[in-house]
Amino acid sequence: MIKAQIPQLKALLSLPKNIVIVPHRNPDGDAMGSTLALYHYLKLYNHNAVVIAPNDYPDFLKWLPGDDTVLKFETAPDESSTLINNADLIFTLDFNAFHRAGHQMAEVLEPSKAIKVMIDHHQQPDDYAEYMYSDVSMSSTCEMVYNVIEMLGDDDKINATIATCLYVGIMTDTGSFRFPATTSRTHQVIGNLIEKGAENSQIHNNIYDTNSYSRLQLLGRAMQNLKVIPDLRTAYITLSQAELDEFNFKKGDTEGFVNYALSLKDIIFAAIFIESQQDQIIKISLRSKGEFSVNEFSRAYFNGGGHTNAAGGRSEDDMQTTINKFISILPQYKNDLTQ
Ligand code: 5GP
Ligand code: MN
């Protein structure tokens, strides 16, 4: 894709089809916003569409229009597999490699005969999609879904429901319109979405002002655990399973914590390490400012990836070993981190 393939995609969508729309595992605002926006758009053409999320997502996304229609592969593997096997078209949104849907779901997606459409802004895409719209310069997958609808000549079909979903993903992936991938075009799209009925202030409240007391207490603990390595302009946070339990951790509660570490004056590399007893891993979120690529760093050392300035990863070692490894790697990057 994209422009050259648009007439073909338009023809494909001109008659009702069985369509499955998939976000990545542990879906965030952009993953759920983009998949649900596309779902509502395809419904206007009477497609038999369904969003199948690999697993559950945080409560602060559960008010999104269409949330009640979302299937979760993890809790409904048979029904989900049947839908995937019977799909004419599969849209994969906000990810670009099947394993990002989790191993079990990847095993069903991979052999599927459906035509695949990828819409995504992460680095280093796999080559599985007949229709591939991959652009790492984009603020969000939601901005790209907006572009697709516009290229299909359907801007006038964007109603308040679709606009609300798209607004959520652009807002969350840009850190409320402040990260460098936010362009004047991003703001223009946001302006159009407000005109179409997205209630911007209400959406901000729904996403950001639903803190529980225990989440704020957990944030307090995370801030106490914050460590700084000034020479390498790096800061990191740890949260053990025991600490998560102490503060009644719920999915999504640690969202955004790592950004506090990155907000320190002179810090350009930040990490948070979160123990997951259930998955037997340390989940890692990495953030940077400027040129230093946390995507490359995570791919090289922590089995992950993402964007230049935001990536995820994992470690199968325990917390202390993981931290020791992290600290021991940093000096290799002294030039990049201190230039
Ligand atoms: P987070 O730290 O919020 O989990 O993820 C930051 C960014 O990196 C998101 O865009 C997310 O989709 C991506 N990401 C997180 N974990 C992984 C991973 O294991 N592999 C890849 N390729 N991307 C990831
Ligand atoms: Mn995204």
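Predicted model: local features only at pLDDT ≥ 70, side-chain atom pairs only at ≥ 80, totals over all residues.
Residues are numbered from 1 along each chain as its sequence is written, and chains are lettered from A and ligands numbered from 1 in the order in which they are written.

Helices (H or I, at least four residues) and strands (E, at least two) were taken as DSSP runs and numbered from the N terminus, and two strands were regarded as paired if DSSP finds at least two bridges between them. An open sheet of 6 strands has the order 3-2-1-4-5-6 with parallel pairing, and its edges are formed by strand 3 (71-72) and strand 6 (131-134), each of which pairs on one side only. Strand 2 (residues 48-53) is joined to strand 3 in the parallel sense over 2 bridges, with Ala53 opposite Lys72 of strand 3. Helix 2 (residues 29-43) packs on this sheet, where it touches strand 1 (18-22), strand 2 and strand 4 (89-93), and its direction makes about 170° with that of strand 2; contact here means heavy atoms within 4.5 Å, and axes are lines fitted to C-alpha atoms, for helices over the stretch in contact, with angles from 0 to 180 degrees between N-to-C directions. Strand 1 and strand 2 run parallel and are joined by 4 bridges, Ile19 standing opposite Ala49 in strand 2. Strand 2 is mostly covered, 5 of its 6 residues being buried, where buried denotes under 20% relative accessible area, exposed over 50% and partly exposed the range in between (1.4 Å probe, protein chains only). Helix 5 (residues 141-151) lies across strand 4, strand 5 (115-120) and strand 6, and runs at about 125° to strand 5.

The manganese ion (ligand 2) is coordinated by Asp30 (OD), Asp94 (OD), His121 (NE2) and Asp173 (OD) at 2.2 to 2.3 Å. Donors are N, O and S atoms within 2.8 Å of the metal (3.2 Å for Na, K and Ca), and water is not among the atoms, so sites may look incomplete. The donor residues of the manganese ion follow the spacing D-x63-D-x26-H-x51-D in sequence. Asp94 lies in the loop between strand 4 and helix 4 (103-109) and His121 in the loop between strand 5 and strand 6, so the pair ties together parts that are 27 residues apart in sequence. Both Asp94 and His121 are buried.

Ser81 is located in helix 3 (residues 77-85) and is buried, with a relative accessible area of 16%. Its side chain reaches the backbone oxygen of Pro77 at 2.6 Å. When neighbours within four places in sequence are left aside, Ser81 is in contact with Phe73 and Val108.

A second open sheet of 6 strands has the order 7-8-9-10-12-11 and mixed pairing, with strand 7 (227-229) and strand 11 (305-306) as the edge strands. Strand 7 and strand 8 (residues 234-239) pair in the antiparallel sense over 3 bridges, and Ile229 has Thr234 of strand 8 as its bridge partner. Helix 12 packs on this sheet and touches strand 9, strand 10, strand 11 and strand 12 (310-315), its direction making about 15° with that of strand 12.

The structure holds 16 aromatic pairs, for which rings of Phe, Tyr and Trp (its six-membered ring) were required to have centres within 6.5 Å, planes under 30 degrees apart counting as stacked, over 60 as edge-to-face and the rest as tilted. Phe269 and Phe326 form a tilted pair, with 5.6 Å centre to centre and 55° between the planes. This pair links distant parts of the chain, since Phe269 is in strand 9 (residues 269-276) and Phe326 in helix 13 (residues 319-329), 57 residues apart. Phe269 is buried at a relative accessible area of 0%, and Phe326 likewise counts as buried at 0%. Phe292 and Tyr333 form an edge-to-face pair, with 5.5 Å centre to centre and 75° between the planes, and both residues are buried.

Ser176, in the loop between helix 6 (160-173) and helix 7 (184-195), has a positive phi of about 60° although it is not a glycine, and is partly exposed, with a relative accessible area of 30%. Phe177, in the loop between helix 6 and helix 7, has a positive phi of about 70° and is not a glycine either.

Key. Heavy atoms only, no water. Polar contact = N/O pair within 3.5 Å; in protein donor to acceptor, adjacent residues only side chain to side chain.
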